[in-house]
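Good morning. I will take a few minutes to go through one model, and you can follow along on the screen.

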Amino acid sequence: MPVHDQMEFFIDPSRCIGCQACVQACGECDTHKGVPMIHLEYVDRGHSTQTVPVVCMHCDSPTCAEVCPADAIKKTADGVVQTARKPRCVACNNCVLACPFGVPKMMTDFELMMKCDMCYDRTSAGKKPMCATVCPSGALFFGTRERIETMRPRGTPVNQFQFGTQTITTKVSMMVPKYAARIEHIDVAAAMNEGSGGKSISLNILTAVYNAKDEA
Amino acid sequence: MSTEKIKATIWATLVTAVLARLIVLGSNNLTNFDAALVGYTFATLFAAFGITRRYALWLQRPPTSIYWKRGWSVFFRMFRPRYAVGNLITFFRRLIIDFAFTSFIWRRGKLRWAAHWFTMWGSLTASAVTFPLVFGWIFFGTITDDPGWYRVYVVGYPTFAFPIQSFIGFMIFHALVWSAIMVIVGVLLALRRRLRDHGAISKQQFGEDFLPLFLLFAISVTGLMLTASYTWMKGYSYDFLAILHAITVIFTLLWLPFGKFFHIFQRSAQIGVAFYKDVGRQGEQAMCRRCGEPFASMMHIRDLIAVEQQLGYNYQMPDSPVEHYQWICPRCRRALLGLAQGSLWAASPGVSPK
């Protein structure tokens, strides 16, 4: 059964609080039992609490599938890019290195690439993906476009991403601010020189402790 | 027809012609060929054509082509004195551990391993027995002075002999029975998983996942019925069963190039990939142009950039010292996604989601 075409996945990393609930829930998914496929990435662990939950974006033209020498990655008719087919995957790592979002995981022990498949056992049965079910801050949301637009009136979903000169269109959308002029795409490569901003650790607790010790 | 398809068809025709010639030669100009098995032979020739054509097309895909070329160059490097001994040991170790024992499937799951191992070895032993017999490359002949003995002839040359009424005779004549039992055990274990595992249920397709199991089961069961017919039932319905068995085998052979069984021929790439990785680890490493950490072999990244360009992807970054997005490690790519979105919200006047 395909994923219902009204139901979409929206991600909003700026709402992520790094609670790891999505990681724990992801491991419960029946399609990759016990192994979480979502990445919860610290942007700059030493200086910021900013975290990014990264799920497969399910590209229209998936680079991972195109560069696979074994033709092991297939996209279903409903646009979900499935994890590598076990009989075919030769664990070459091409997909891991080629995905512009850094999504696939190489499970060296299994000689197999595994990746988020949008909890296909659940979404194809009309349920939400595990991560979206448990996310307390709404950084991961699975529902209708109307619903997200009602819930987030200041944001708008975008599903085009720019990597250098390459534009990638995805099934999963990311929430961006609603400007007067619509943002057509998110220029990911342009963030090369960005520092983690909004959640910087500015308390300098350790410095304060050391200073206090010195004074004592 | 595209150039790739023409090339693939030429290779397929060549391989089929060579196999046909080998059948004629190996059976002593068809003297030792059993005409009753002609259906199997033509189905095998068709399978050889289909498999070679698909394999040749597959090898011409840009990512496969690069691994194919690199794989062979690494393979020939094995024969250089400096690497030969170590690489040959590694080669045979991988052959035994990865292929004979399929240890990577064991680590994925014990039940999955058991299902695959029994099916694989049952099918391989059955193929090793059936194809040479069908082609007339192997046949049994009685020994003139002692009719109680059989001699095995390989491509017409006499080899070892054994008493018909002996343990070894029993084992040889029932080789396909043992194979069939192994296949049935494997298929039933696989079916059990496919009927109970929620993850498998959500993704499985009839043609890709069930049909191969049904075909293997049908071949094995009809094969066992033949043995049962001539052993315990005085040949009851033997002719019908023989035709039924032939239909299941011929259908499987005709379907071989199109479905899941094609992975049997693709998996050999796993050994080439393992050596490619070994060579990559020994060589220069690619450093992420954002965090400065090594994340893959330089050879692999350069190959990927070439493959992506052949596929029409343009991840170049012409105005940046990074040059190409492929020089960014996967961890930094994930971080950049968050940074890119965060910067849009930060720049948004009077709007903050935080």
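I will start with chain A, then turn to the spaces inside the model, and finish with chain B.

Please keep in mind that this is a predicted model. Every value I quote has been computed from it.

Chain A, then. It has 216 residues, and 57% of them count as buried. Its secondary structure comes to 7 helices and 9 strands. The accessible surface of chain A is about 9,100 Å², and carbon and sulfur atoms hold 51% of that. If you take the contacts in chain A with a separation of 6 or more, 59% are between residues 24 or more positions apart.

Now the sheet. In what order do the strands of the open sheet in chain A lie? Reading across, the order is S6-S1-S8-S7-S9, which makes 5 strands, and the pairing is mixed. At the edges stand strand S6, residues 140–143, and strand S9, residues 186–187. Each of these has a single partner strand, so one side of each has no neighbour in the sheet.

Take S9(A) and its link to strand S7 of chain A, which covers residues 155–163. The two run parallel and are joined by 2 bridges. Within that pairing, Phe161(A) is placed opposite Ile186(A) of S9(A).

Setting aside residues up to four places away in sequence, Asn159(A) touches Ile168(A), Thr169(A), Thr170(A), Val172(A) and Ser173(A). For a distance, look at Thr144(A): it is 15 residues from Asn159(A) in sequence, and the two C-alpha atoms are 15 Å apart.

How many cavities of 30 Å³ or more does a search of the whole structure find? It finds 5. The largest cavity has a volume of about 90 Å³. Its lining includes Cys26(A), His32(A), Cys116(A), Asp117(A), Cys119(A) and Cys131(A). By class, that lining has 10 nonpolar residues, 1 polar and 1 charged.

Let us stay with His32(A) for a moment. His32(A) sits in the loop between helix H1, residues 21–26, and strand S2, residues 39–42, of chain A. With a relative accessible area of 5%, under the 20% limit, His32(A) is buried. Beyond its neighbours within four places in sequence, His32(A) is in contact with Cys26(A), Gly27(A), Met37(A), Met114(A) and Asp117(A).

Other elements supply at least two residues each, among them helix H3 (94–98) of chain A and, in chain B, strand S5 (294–297) and helix H15 (330–346).

That brings us to chain B, and to S5(B) again. Strand S4 of chain B, residues 285–287, runs antiparallel to S5(B), with 3 bridges between them. Ala286(B) has Ala296(B) in S5(B) as its bridge partner. The two strands make a hairpin with 6 residues between them, and in the turn Gly292(B) has a positive phi of about 80 degrees.

There is another hairpin in chain B, made by S2(B) and S3(B), with 2 residues between the strands. In its turn, Val155(B) has a positive phi of about 40 degrees. Strand S2, residues 146–154, and strand S3, residues 157–163, pair in the antiparallel sense over 5 bridges. Here Trp149(B) is opposite Pro163(B).

My last stop is Gln60(B), in the loop between helix H2 (38–59) and helix H3 (62–77) of chain B. Its relative accessibility is 26%, so Gln60(B) counts as partly exposed. Where does the chain come back to it? Glu4(B) is 56 residues away along the chain, yet the C-alpha atoms of Gln60(B) and Glu4(B) are separated by 6.9 Å. Contacts of Gln60(B) outside its sequence neighbours within four places are Glu4(B), Lys7(B), Ala8(B) and Ser65(B).

That is the end of the tour.

Notes. Residues are numbered from 1 along each chain as its sequence is written. Chains are lettered from A and ligands numbered from 1 in the order in which they are written. This is a predicted model: local features need pLDDT of at least 70, side-chain atom pairs count only at pLDDT 80 or more; totals for chains, interfaces and linings use all residues. Side-chain values use heavy atoms; hydrogens and water are left out. Helices (H or I, at least four residues) and strands (E, at least two) are DSSP runs, numbered from the N terminus. Buried means under 20% relative accessible area, exposed over 50%, partly exposed in between (1.4 Å probe, protein chains only). Contact means heavy atoms within 4.5 Å. Accessible areas come from the Shrake-Rupley method with a 1.4 Å probe; for residues, only the protein chains shown count as cover. Two strands pair if DSSP finds at least two bridges between them. On a 1 Å grid over the protein atoms alone, a cavity is a set of points where a 1.4 Å probe fits but cannot get out, and a pocket is an open set with protein on both sides within 12 Å along at least five of seven lines; lining residues have an atom within 4 Å of a point. Grid points are joined across faces, edges and corners, and a volume is the space filled by probe spheres set on the points. Ala, Val, Leu, Ile, Met, Phe, Trp, Tyr, Cys and Pro count as nonpolar, Asp, Glu, Lys and Arg as charged, and the others, Gly among them, as polar.
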